[in-house]
Amino acid sequence: MMSPDSVYLAIAPNILRKTVQDLARMDLDLDLIPPQTHQEMLDFSVGFGRDGDIPGLTLCAYPQYYYNLLQYQTTGKLASLPDTLPPMRAELTALGMAEPSSHFRVIGFVPFVIAAAKRVSPPIWDWEDLCRPDLCGSIAVPPRDTPLPDLFDTMMTARYGDRAAGAIAGKNVSYTPLDINKRVDAGEFLAGVSIPAFSKTYREGNGHMVWPSSGAWPVPLAAAVRADAPPDAMRFLRYLLSNEYQNYLSISGGIIPVVEGVPWFDEMAANNGRLQWPGWDALVALGRPEAA
């Protein structure tokens, strides 16, 4: 059973260490639940809120977490977050990305892009290229204990219909984003779905990151606070939305900052912040029990 002073960080390893260090540096009266595997994060998200089992503060990106957040928001177990928190930046709310509930706040959006082999001809420019017969049998997507396989199927079907059937049926879901980078570089796959932090550099020089012309797929990373959590939980949430942490997320983590005025990381700025937002309804639908 989670205690009111517990903190559960279901976040990518490239930002976990700094976040844990910040939590320790702030000397808050909170207990960090140790880092988890993807399967543990998925199991936690599926069970979030059941039997009142909610951490003092949760940071998570799984669709099952959002589905349960919206199911349990009226139970009184979750804090309604104050309007004094920094608002989401206008570029994102203009795309319909504002939270549909006052019981969670997005800390950042994780953008998914394409890791492509340089030898592919013609080159890959967009998600649509993954429907090509020469590519659809050589695409790596992060494993089933992450949100990506279902998101890939949903986004490709919504945009390309039956033309995406080969890419969906033939995708390989055996590897993490970091491994996908290595295997595209080694020539094992012609393309993969990855994040900028893991797809900017290739040791052998055989791959490159493609920011799709129709836009990267942004997945929200959001925080929720338990109603009876100690004040330090809200203090930590405010730090997560501070310019200091938001700059770190963007520049070092390759994650889209949500606070106005914080600069995009280089690759996002170079692509004019181009995004293809799936919509909250589509994301939450991926977390329904019957979607499993």
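**The largest cavity**

Guide: The lining of the largest cavity consists of 9 nonpolar residues, with no polar and no charged ones (nonpolar: Ala, Val, Leu, Ile, Met, Phe, Trp, Tyr, Cys and Pro; charged: Asp, Glu, Lys and Arg; polar: the others, Gly among them). The model is predicted: local features need pLDDT of at least 70 and side-chain atom pairs 80 or more, while totals for chains, interfaces and linings use all residues. Numbering starts from 1 along each chain as its sequence is written, and side-chain values use heavy atoms, leaving out hydrogens and water.

A cavity here is a set of points on a 1 Å grid over the protein atoms alone where a 1.4 Å probe fits but cannot get out, and lining residues have an atom within 4 Å of a point. The count is 1 cavity of 30 Å³ or more, and the largest has a volume of about 50 Å³, taken as the space filled by probe spheres set on points joined across faces, edges and corners.

Around this space sit Ala-61, Pro-63, Tyr-66, Pro-147, Leu-151, Val-219, Pro-220, Leu-283 and Leu-286. At least two lining residues come from each of α3 (63-72), β8 (217-225) and α12 (280-286) (DSSP runs numbered from the N terminus: helices H or I, at least four residues; strands E, at least two).

For sequence context, take Phe-152. Beyond its neighbours within four places in sequence, Phe-152 has contacts (heavy atoms within 4.5 Å) with Leu-130, Ile-139, Val-141, Ala-167, Ile-168, Lys-171, Val-193 and Trp-217.

Definitions and conventions
On a 1 Å grid over the protein atoms alone, a cavity is a set of points where a 1.4 Å probe fits but cannot get out, and a pocket is an open set with protein on both sides within 12 Å along at least five of seven lines; lining residues have an atom within 4 Å of a point.
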